[in-house]
Amino acid sequence: MKVSELIGKYPVIFNNISEFNIASIENQIKNLQSSFQKRSTEIDKANLEIKRYLFDLYKDTYFLKYFSKLSSSVPNKIFLREMLYDGTRVYIDFYEYGLDTRIATSTVYQDFSKLYKNVSFQLVEERVFFSNTKYFHYILEGTK
Amino acid sequence: MITINRKYAIIFSAIFLVVSIVLSGFYFYNSYYSYIRNLENLLSETTRVYNQMKRAEEESKFLEAKRQEFLNSPSIVKEGEFQERELQQLIETMLSNRFLEIDYLYLKAQVDYPILFEDTPVIYIVSLKTGGE
(Lines give C-alpha, C1' and ligand atoms only; values in the text may rest on other atoms or scores of the structure.)
Protein backbone atom coordinates (compact mmCIF):
# COMPACT_ATOMS: atom_id res chain seq x y z
CA MET A 1 0.00 0.00 0.00
CA LYS A 2 1.25 3.45 -0.84
CA VAL A 3 1.66 6.06 1.89
CA SER A 4 -0.66 8.48 0.06
CA GLU A 5 -3.36 5.79 -0.14
CA LEU A 6 -2.95 5.02 3.55
CA ILE A 7 -3.33 8.68 4.53
CA GLY A 8 -6.35 8.90 2.24
CA LYS A 9 -8.05 6.38 4.54
CA TYR A 10 -7.76 8.91 7.39
CA PRO A 11 -9.56 12.00 6.09
CA VAL A 12 -9.05 13.92 9.35
CA ILE A 13 -5.30 13.84 8.82
CA PHE A 14 -5.51 14.15 5.07
CA ASN A 15 -7.60 17.34 5.34
CA ASN A 16 -5.38 18.89 7.97
CA ILE A 17 -2.03 18.48 6.27
CA SER A 18 -1.43 21.49 4.08
CA GLU A 19 1.70 20.31 2.31
CA PHE A 20 2.13 16.64 1.58
CA ASN A 21 5.81 15.84 1.88
CA ILE A 22 6.55 12.12 1.98
CA ALA A 23 9.99 12.59 3.55
CA SER A 24 8.64 14.38 6.60
CA ILE A 25 5.14 12.91 6.78
CA GLU A 26 5.72 11.29 10.19
CA ASN A 27 6.80 14.58 11.73
CA GLN A 28 3.87 16.38 10.14
CA ILE A 29 1.43 13.87 11.62
CA LYS A 30 3.14 14.03 15.02
CA ASN A 31 2.90 17.84 14.97
CA LEU A 32 -0.76 17.58 14.01
CA GLN A 33 -1.42 15.14 16.84
CA SER A 34 0.39 17.44 19.25
CA SER A 35 -1.73 20.44 18.19
CA PHE A 36 -4.96 18.37 18.55
CA GLN A 37 -3.84 17.20 21.98
CA LYS A 38 -3.00 20.75 23.08
CA ARG A 39 -6.36 22.07 21.88
CA SER A 40 -8.19 19.16 23.54
CA THR A 41 -6.42 19.84 26.86
CA GLU A 42 -7.28 23.55 26.66
CA ILE A 43 -10.96 22.82 26.01
CA ASP A 44 -11.09 20.21 28.80
CA LYS A 45 -9.62 22.75 31.20
CA ALA A 46 -12.19 25.39 30.18
CA ASN A 47 -14.99 22.80 30.44
CA LEU A 48 -13.86 21.88 33.93
CA GLU A 49 -14.06 25.53 34.99
CA ILE A 50 -17.64 25.82 33.66
CA LYS A 51 -18.61 22.52 35.33
CA ARG A 52 -17.30 23.79 38.68
CA TYR A 53 -19.21 27.02 38.18
CA LEU A 54 -22.46 25.21 37.32
CA PHE A 55 -21.97 22.76 40.20
CA ASP A 56 -21.55 25.71 42.53
CA LEU A 57 -24.82 27.16 41.20
CA TYR A 58 -26.52 23.80 41.63
CA LYS A 59 -25.66 23.92 45.34
CA ASP A 60 -27.51 27.25 45.57
CA THR A 61 -30.86 25.54 45.01
CA TYR A 62 -30.19 21.93 45.96
CA PHE A 63 -31.34 22.40 49.56
CA LEU A 64 -34.66 23.85 48.34
CA LYS A 65 -35.18 21.00 45.88
CA TYR A 66 -34.21 18.49 48.51
CA PHE A 67 -36.53 19.91 51.13
CA SER A 68 -39.42 20.11 48.63
CA LYS A 69 -38.85 16.50 47.66
CA LEU A 70 -38.57 15.42 51.28
CA SER A 71 -41.82 17.22 52.18
CA SER A 72 -43.73 15.56 49.35
CA SER A 73 -42.24 12.09 49.79
CA VAL A 74 -42.81 11.79 53.53
CA PRO A 75 -46.41 10.71 54.28
CA ASN A 76 -46.52 12.85 57.43
CA LYS A 77 -47.27 16.57 57.32
CA ILE A 78 -44.24 18.84 57.35
CA PHE A 79 -44.30 22.35 58.72
CA LEU A 80 -41.42 24.64 57.72
CA ARG A 81 -40.69 27.03 60.53
CA GLU A 82 -37.56 28.76 59.29
CA MET A 83 -35.16 28.56 56.38
CA LEU A 84 -32.01 30.57 55.83
CA TYR A 85 -29.40 30.64 53.09
CA ASP A 86 -26.85 33.43 52.88
CA GLY A 87 -24.85 32.13 49.93
CA THR A 88 -22.78 29.89 52.18
CA ARG A 89 -24.77 28.57 55.11
CA VAL A 90 -27.97 26.53 54.89
CA TYR A 91 -30.26 26.35 57.91
CA ILE A 92 -33.65 24.60 57.84
CA ASP A 93 -35.87 24.36 60.90
CA PHE A 94 -38.99 22.23 60.48
CA TYR A 95 -41.54 20.02 62.21
CA GLU A 96 -42.93 16.66 61.19
CA TYR A 97 -46.30 15.44 62.48
CA GLY A 98 -47.35 11.83 62.79
CA LEU A 99 -47.66 8.82 64.98
CA ASP A 100 -44.00 8.18 64.32
CA THR A 101 -41.26 9.89 62.35
CA ARG A 102 -40.89 8.81 58.72
CA ILE A 103 -37.72 10.75 58.06
CA ALA A 104 -34.57 8.65 57.80
CA THR A 105 -32.03 10.85 59.54
CA SER A 106 -28.99 9.00 58.19
CA THR A 107 -30.29 9.17 54.58
CA VAL A 108 -30.90 12.91 54.80
CA TYR A 109 -27.48 13.37 56.36
CA GLN A 110 -25.80 11.34 53.60
CA ASP A 111 -27.70 13.09 50.79
CA PHE A 112 -26.88 16.51 52.16
CA SER A 113 -23.24 15.59 52.77
CA LYS A 114 -22.81 14.85 49.06
CA LEU A 115 -22.98 18.57 48.32
CA TYR A 116 -22.52 20.44 51.56
CA LYS A 117 -19.88 20.51 54.26
CA ASN A 118 -20.26 20.59 58.05
CA VAL A 119 -23.66 18.91 57.80
CA SER A 120 -25.70 18.48 60.91
CA PHE A 121 -29.18 16.97 61.07
CA GLN A 122 -30.68 16.73 64.49
CA LEU A 123 -33.96 15.76 66.03
CA VAL A 124 -34.05 18.48 68.68
CA GLU A 125 -37.44 17.68 70.17
CA GLU A 126 -40.07 14.95 70.12
CA ARG A 127 -43.35 15.54 71.90
CA VAL A 128 -46.94 14.32 71.98
CA PHE A 129 -48.88 17.06 70.25
CA PHE A 130 -52.51 15.98 70.03
CA SER A 131 -54.05 12.70 71.16
CA ASN A 132 -51.46 10.13 70.07
CA THR A 133 -50.01 12.38 67.34
CA LYS A 134 -46.48 13.53 67.94
CA TYR A 135 -44.39 16.28 66.48
CA PHE A 136 -40.72 15.92 65.69
CA HIS A 137 -38.67 19.06 65.57
CA TYR A 138 -35.67 18.86 63.20
CA ILE A 139 -32.85 21.22 62.35
CA LEU A 140 -30.81 20.64 59.20
CA GLU A 141 -27.62 22.63 58.64
CA GLY A 142 -24.67 22.71 56.27
CA THR A 143 -22.28 25.00 54.45
CA LYS A 144 -21.52 25.30 50.72
CA MET B 1 46.79 -19.32 -2.77
CA ILE B 2 43.71 -21.50 -3.07
CA THR B 3 42.38 -21.94 -6.53
CA ILE B 4 38.89 -23.20 -7.33
CA ASN B 5 37.38 -24.38 -10.46
CA ARG B 6 35.90 -21.59 -12.62
CA LYS B 7 32.62 -23.47 -12.92
CA TYR B 8 32.21 -23.69 -9.13
CA ALA B 9 33.23 -20.07 -8.72
CA ILE B 10 30.45 -19.01 -11.11
CA ILE B 11 27.91 -21.21 -9.33
CA PHE B 12 28.99 -19.89 -5.94
CA SER B 13 28.82 -16.27 -7.18
CA ALA B 14 25.40 -16.87 -8.66
CA ILE B 15 24.11 -18.41 -5.42
CA PHE B 16 25.65 -15.55 -3.43
CA LEU B 17 23.99 -13.03 -5.75
CA VAL B 18 20.57 -14.70 -5.50
CA VAL B 19 20.78 -14.96 -1.70
CA SER B 20 21.84 -11.30 -1.49
CA ILE B 21 18.94 -10.22 -3.67
CA VAL B 22 16.46 -12.31 -1.67
CA LEU B 23 17.76 -11.00 1.66
CA SER B 24 17.78 -7.41 0.37
CA GLY B 25 14.23 -7.82 -0.84
CA PHE B 26 13.19 -9.35 2.47
CA TYR B 27 14.88 -6.53 4.38
CA PHE B 28 13.25 -3.92 2.15
CA TYR B 29 9.73 -5.33 2.54
CA ASN B 30 10.20 -5.86 6.23
CA SER B 31 11.33 -2.26 6.71
CA TYR B 32 8.60 -0.97 4.43
CA TYR B 33 5.77 -2.82 6.16
CA SER B 34 7.16 -1.94 9.53
CA TYR B 35 7.16 1.71 8.45
CA ILE B 36 3.60 1.44 7.09
CA ARG B 37 2.42 -0.29 10.29
CA ASN B 38 3.95 2.42 12.48
CA LEU B 39 2.52 5.12 10.26
CA GLU B 40 -0.92 3.54 10.43
CA ASN B 41 -0.71 3.40 14.24
CA LEU B 42 0.28 7.05 14.24
CA LEU B 43 -2.62 7.95 11.95
CA SER B 44 -5.02 5.96 14.07
CA GLU B 45 -3.79 7.58 17.29
CA THR B 46 -3.98 11.06 15.75
CA THR B 47 -7.56 10.40 14.63
CA ARG B 48 -8.41 9.25 18.15
CA VAL B 49 -6.98 12.48 19.62
CA TYR B 50 -8.91 14.49 17.00
CA ASN B 51 -12.17 12.72 17.95
CA GLN B 52 -11.41 13.37 21.62
CA MET B 53 -10.93 17.07 20.79
CA LYS B 54 -14.24 17.15 18.88
CA ARG B 55 -16.07 15.55 21.82
CA ALA B 56 -14.57 18.18 24.13
CA GLU B 57 -15.76 20.89 21.71
CA GLU B 58 -19.30 19.45 21.72
CA GLU B 59 -19.29 19.30 25.50
CA SER B 60 -18.03 22.87 25.56
CA LYS B 61 -20.99 24.03 23.43
CA PHE B 62 -23.42 22.21 25.73
CA LEU B 63 -21.88 23.69 28.88
CA GLU B 64 -21.80 27.17 27.38
CA ALA B 65 -25.52 26.84 26.55
CA LYS B 66 -26.20 25.93 30.19
CA ARG B 67 -24.12 28.89 31.38
CA GLN B 68 -26.10 31.20 29.07
CA GLU B 69 -29.32 29.68 30.40
CA PHE B 70 -28.25 30.80 33.86
CA LEU B 71 -27.10 34.24 32.69
CA ASN B 72 -30.49 34.78 30.98
CA SER B 73 -32.49 33.69 34.01
CA PRO B 74 -34.45 36.55 35.58
CA SER B 75 -33.39 38.13 38.83
CA ILE B 76 -35.93 37.70 41.63
CA VAL B 77 -36.20 40.08 44.57
CA LYS B 78 -38.95 39.52 47.13
CA GLU B 79 -39.48 41.11 50.52
CA GLY B 80 -42.60 40.87 52.65
CA GLU B 81 -45.28 38.56 53.90
CA PHE B 82 -46.42 35.56 51.91
CA GLN B 83 -49.14 33.03 52.53
CA GLU B 84 -48.11 29.38 52.43
CA ARG B 85 -49.63 28.91 48.96
CA GLU B 86 -47.90 32.01 47.57
CA LEU B 87 -44.62 30.88 49.04
CA GLN B 88 -45.04 27.47 47.43
CA GLN B 89 -45.61 29.14 44.04
CA LEU B 90 -42.55 31.33 44.54
CA ILE B 91 -40.40 28.29 45.31
CA GLU B 92 -41.80 26.45 42.28
CA THR B 93 -40.88 29.44 40.09
CA MET B 94 -37.38 29.43 41.50
CA LEU B 95 -36.96 25.72 41.00
CA SER B 96 -38.21 25.89 37.40
CA ASN B 97 -34.82 27.42 36.59
CA ARG B 98 -32.26 24.68 36.44
CA PHE B 99 -29.49 26.99 37.55
CA LEU B 100 -30.16 29.87 39.87
CA GLU B 101 -27.81 31.83 42.03
CA ILE B 102 -29.38 32.65 45.36
CA ASP B 103 -27.71 35.64 47.00
CA TYR B 104 -29.81 35.23 50.11
CA LEU B 105 -33.01 33.54 51.21
CA TYR B 106 -34.78 33.87 54.50
CA LEU B 107 -38.18 32.37 55.31
CA LYS B 108 -39.79 32.40 58.70
CA ALA B 109 -43.26 31.35 59.75
CA GLN B 110 -45.02 33.90 61.91
CA VAL B 111 -45.87 31.19 64.38
CA ASP B 112 -43.29 29.41 66.45
CA TYR B 113 -45.49 26.53 67.42
CA PRO B 114 -46.57 23.72 65.12
CA ILE B 115 -49.72 24.19 63.03
CA LEU B 116 -51.65 21.03 62.28
CA PHE B 117 -54.90 22.13 60.69
CA GLU B 118 -55.02 22.75 56.93
CA ASP B 119 -57.50 25.62 57.19
CA THR B 120 -55.19 27.64 59.39
CA PRO B 121 -53.22 29.87 57.02
CA VAL B 122 -49.57 30.29 57.78
CA ILE B 123 -47.95 33.60 56.96
CA TYR B 124 -44.24 33.61 56.14
CA ILE B 125 -41.88 36.53 56.26
CA VAL B 126 -39.79 36.26 53.12
CA SER B 127 -36.57 37.93 52.11
CA LEU B 128 -35.12 36.73 48.84
CA LYS B 129 -32.67 37.85 46.19
CA THR B 130 -31.50 35.71 43.31
CA GLY B 131 -28.81 36.52 40.75
CA GLY B 132 -28.85 36.47 36.99
CA GLU B 133 -28.50 39.33 34.56
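Leaving aside its neighbours within four places in sequence, which residues is Thr101(A) in contact with?

Modeller: Keep in mind that this is a predicted model. Thr101(A) is in contact with Glu96(A) and Phe136(A), once neighbours within four places in sequence are set aside. Thr101(A) sits in the loop between E2 and helix H4 (105–113) of chain A. A residue needs 20 or more to count as buried. Thr101(A) also lies 9.3 Å from Glu126(A), C-alpha to C-alpha, although 25 residues separate the two along the chain.

Now step back along the chain to strand E2 (89–98) of chain A. Look at Phe94(A). Beyond four places in sequence, Phe94(A) touches Ile78(A), Phe79(A), Leu80(A), Arg81(A) and Tyr138(A).

As background, nonpolar side chains tend to be buried together in soluble globular proteins.

Follow helix H3 of chain A next. H3(A) has a kink of about 45 degrees, centred on Thr61(A). Thr61(A) is one of the buried residues of this helix. Others include Asp60(A), Phe63(A) and Leu64(A). Ile29(A) and Phe36(A) are buried as well.

One more stop in chain A is Asn118(A), in strand E3 (residues 117–130). Its phi is near 50 degrees, a positive value in a residue other than glycine. Most residues other than glycine have a negative phi. Asn118(A) counts as exposed because it has 11 C-beta neighbours inside 10 Å.

Then turn to where the chains meet. The contact takes 43 residues from chain A and 37 residues from chain B. On the chain B side, helix H1 (6–71), H2 and E2 each give two or more residues. H1(B) gives the most, with 20 residues. By type, the chain B side divides into 24 nonpolar, nine charged and four polar residues.

Much of chain B's annotation falls along this helix. In an unreviewed entry, UniProt lists residues 9–29 of chain B as "transmembrane region". That span is 100% helix, and its end C-alpha atoms lie 30 Å apart. UniProt, again in an unreviewed entry, lists residues 36–73 of chain B as "coiled-coil region". Here the span is 95% helix and 0% strand, with its end C-alpha atoms 55 Å apart.

Finally, see how the chains are laid out. The domain assignment of chain A gives domain 1 (3–49) and domain 2 (63–143). The centres of these two domains are 56 Å apart, taken over C-alpha atoms. Chain B is assigned domain 1 (1–72) and domain 2 (74–130), with 68 Å between their centres. Val111(B), in the loop between E2 and E3 of chain B, lies 54 Å from Arg55(B), C-alpha to C-alpha. Val111(B) is partly exposed, since 13 other C-beta atoms lie within 10 Å.

Technical notes:
Residues are numbered from 1 along each chain as its sequence is written. Chains are lettered from A and ligands numbered from 1 in the order in which they are written. This is a predicted model: local features need pLDDT of at least 70, side-chain atom pairs count only at pLDDT 80 or more; totals for chains, interfaces and linings use all residues. Domain bounds come from an automatic or database domain assignment. UniProt positions are given in the numbering used here, feature names are shortened, and annotations may be inferred rather than shown by experiment. Helices (H or I, at least four residues) and strands (E, at least two) are DSSP runs, numbered from the N terminus. Two residues are in contact if their C-beta atoms, placed from the backbone, lie within 7 Å. The bend at a residue is the angle between axes fitted to the seven residues ending there and the seven starting there. A residue is buried if 20 or more other C-beta atoms lie within 10 Å of its own, exposed if 12 or fewer, and partly exposed in between; C-beta atoms are placed from the backbone. Ala, Val, Leu, Ile, Met, Phe, Trp, Tyr, Cys and Pro count as nonpolar, Asp, Glu, Lys and Arg as charged, and the others, Gly among them, as polar.
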